[in-house]
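Please work through the two exercises below with the model open beside you. Each task sentence is followed by a solution in steps.

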Amino acid sequence: MEQYIINGNKVLGGEIAVAGAKNQALKVLPAAILCQNPCLLKNVPEIEDVERMIELLTDLGAQITRKGKGEYEISTKEINKTKLKPELVKKLRASIMVAGPMLARFGEVTLAHPGGCIIGQRPIDLFIEGFQKLGAQMSEDGDIFTLRAEKLRGAEIILPRVSVTVTENLMMAATLAEGTTHIKNAAMEPEIVALAEFLNQQGSKIKGAGTPEILIEGVKELKGGEVKIIPDRIECGTFIMLGLITNGQIKITNCEPKHIENLLYSLDKAGAKLEIGQDYIVTHPSNLKGVDIVTHEYPGFPTDLQAPFTVLMTQVKGTSLIHETIFPGRLFYTDILNQMGANIIMCDPHRVVVTGPTKLYAKKLVSPDLRAGMALILAALVAEGSSIIENIYQINRGYENIVARLQKIGADIKQV
Ligand code: EPU
């Protein structure tokens with residue numbers, strides 16, 4: 001079984017470029033199903049989750065060609081079935097993103113309950129409710145379900161919870177529906193704005209993406225064209241914290257600082273010395289203190305940056321209350337940090353108090369999920385001694401070629 005071996009306690013430095021956003025690439029690939037002509041995707045991160053999505057779409061009949069690094073051409077006119085392979089669906093939570101486009105283009109889709117990160121229950125009730133509002137009928141057979149609609153019809157949909165993938169799925173389905181769809185209490189993430197821009201370039205009529213109300217006027221067909229995936233804001237935020245936690249001077253390039261304003265606010269309160277440019281950020285050694293965070297939908301503090309922030313707080317002076325409001329079960333990795341020497345008290349499944357600074361010691365670790373896994377890399381990079389991280393598939397799901405990129409900025413990490 002492959003693992004990372006990390007020798008910690010080294011000051012890092014140098015330049016690291018941010019890859020394309022996983023959570024946009026995983027939506028634009030299925031969005032190509034809505035398009036008549038081939039689409040060319042650029043700056044696609046070469047990560048396991050993208051590979052799984054490519055496998056899933058290829059199995060349906062889509063033709064996907066890698067043109068160069070991070071460049072993929074996708075043609076979906078050859079799609080010849082509407083049943084998604086259950087074993088592929090279960091490998092990737094984002095496989096549900098195929099549902100909306102398939103339903104809109106072919107009037108039918110069959111899939112299993114998707115898998116993904118082990119961060120709480122991850123229900124799919126809001127997707128189903130939304131598709132039903134657009135006129136789809138659902139039938140179930142165990143955990144396999146089929147959605148059918150001869151023609152989707154525009155509808156008013158109020159989301160009881162703000163959900164990123166539900167917003168995106170309904171937005172995509174509604175592009176080819178008859179009439180106008182109004183999504184209220186929509187999620188506002190930058191990846192949603194980028195997806196809407198791509199769809200509008202292909203002929204859809206979406207207004208309001210990036211606000212809580214999205215209006216989609218259905219059109220007959222979408223063309224197909226080119227898109228450059230936006231920089232991954234979670235990777236960017238993680239690299240900033242990596243620089244701060246290792247007292248390094250790291251220049252993070254190819255990034256969009258505007259997409260992580262809430263993280264930058266919290267780091268500023270903690271005393272971080274950062275140089276923030278238009279598309280780069282430089283970390284400087286800083287004397288940090290503890291600050292509290294509450295995760296929240298965009299533009300709040302991203303849940304996907306909660307774990308690396310918590311690791312950072314173990315190394316700074318004072319206490320920090322970390323309040324995770326999006327996913328239950330997304331703080332359990334803090335137990336692993338305690339085994340490394342951190343002082344973290346769990347108040348309830350949604351809140352922990354971190355008291356720092358504490359020295360961390362190397363350990364044999366198992367990556368619980370993608371973001372906690374990356375946080376464990378940060379912990380191992382400041383720990384005394386040699387750590388082993390297992391279950392690294394979870395990390396490779398979302399971070400491209402992470403070993404080589406970290407080695408380039410001086411990290412003592414290798415994959416064996
Ligand atoms: N929810 C429901 N019912 C549903 C769907 C969601 O109750 O049918 C709940 C979820 O259980 C959660 C809340 O709604 O408590 C919000 O979750 P959301 O649906 O927004 O999450 P998601 O769309 O499944 C995306 C990202 C996640 C990221 C969250 C929050 C993708 C592929 N995934 O997930 O990314 O954490 O939004 O920003 O875009 C990651 O990259 O590591 C990751 C988990």
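The exercises treat a helix pair and then a cavity.

The model is predicted, so local features need pLDDT of at least 70 and side-chain atom pairs count only at pLDDT 80 or more, whereas totals for chains, interfaces and linings use all residues. Residues are numbered from 1 along each chain as its sequence is written, and side-chain values use heavy atoms, with hydrogens and water left out.

**Exercise 1.** Determine how α1 and α6 are oriented to each other, and list the residues through which they meet.

Solution. Begin with the geometry: helix α1 (residues 22–31) packs against helix α6 (residues 164–175) at an angle of about 25 degrees, their axes lying 11 Å apart. Angles under 35 degrees count as roughly parallel, and α1 and α6 are therefore roughly parallel to each other. Next, take the contact (heavy atoms within 4.5 Å): Asn23, Lys27 and Ala31 of α1 meet Val164, Thr165, Glu168 and Met172 of α6. By class, this contact has 3 nonpolar, 2 polar and 2 charged residues.

**Exercise 2.** Describe the largest cavity by its volume and its lining.

Solution. A cavity is a set of points on a 1 Å grid where a 1.4 Å probe fits but cannot get out, and lining residues have an atom within 4 Å of a point. The count comes to 4 cavities of 30 Å³ or more, and the largest cavity holds about 50 Å³ of space. Its lining includes Thr303, Gln306, Arg330, Tyr333 and Asp369. Finally, α10 gives the most to this lining, with 3 residues, and the lining divides into 5 nonpolar, 2 polar and 4 charged residues.

Terms used. Axes fitted to C-alpha atoms, helices over the stretch in contact; angles between N-to-C directions. Helix = DSSP H or I, 4+ residues; strand = E, 2+ residues; numbered from the N terminus. Parallel < 35°, antiparallel > 145°, perpendicular 65-115°, else oblique. Nonpolar A, V, L, I, M, F, W, Y, C, P; charged D, E, K, R; others polar. 1 Å grid on protein atoms, 1.4 Å probe; cavity = no way out; pocket = protein on both sides within 12 Å on 5 of 7 lines; lining within 4 Å. Points joined across faces, edges and corners; volume = space filled by probe spheres on them.
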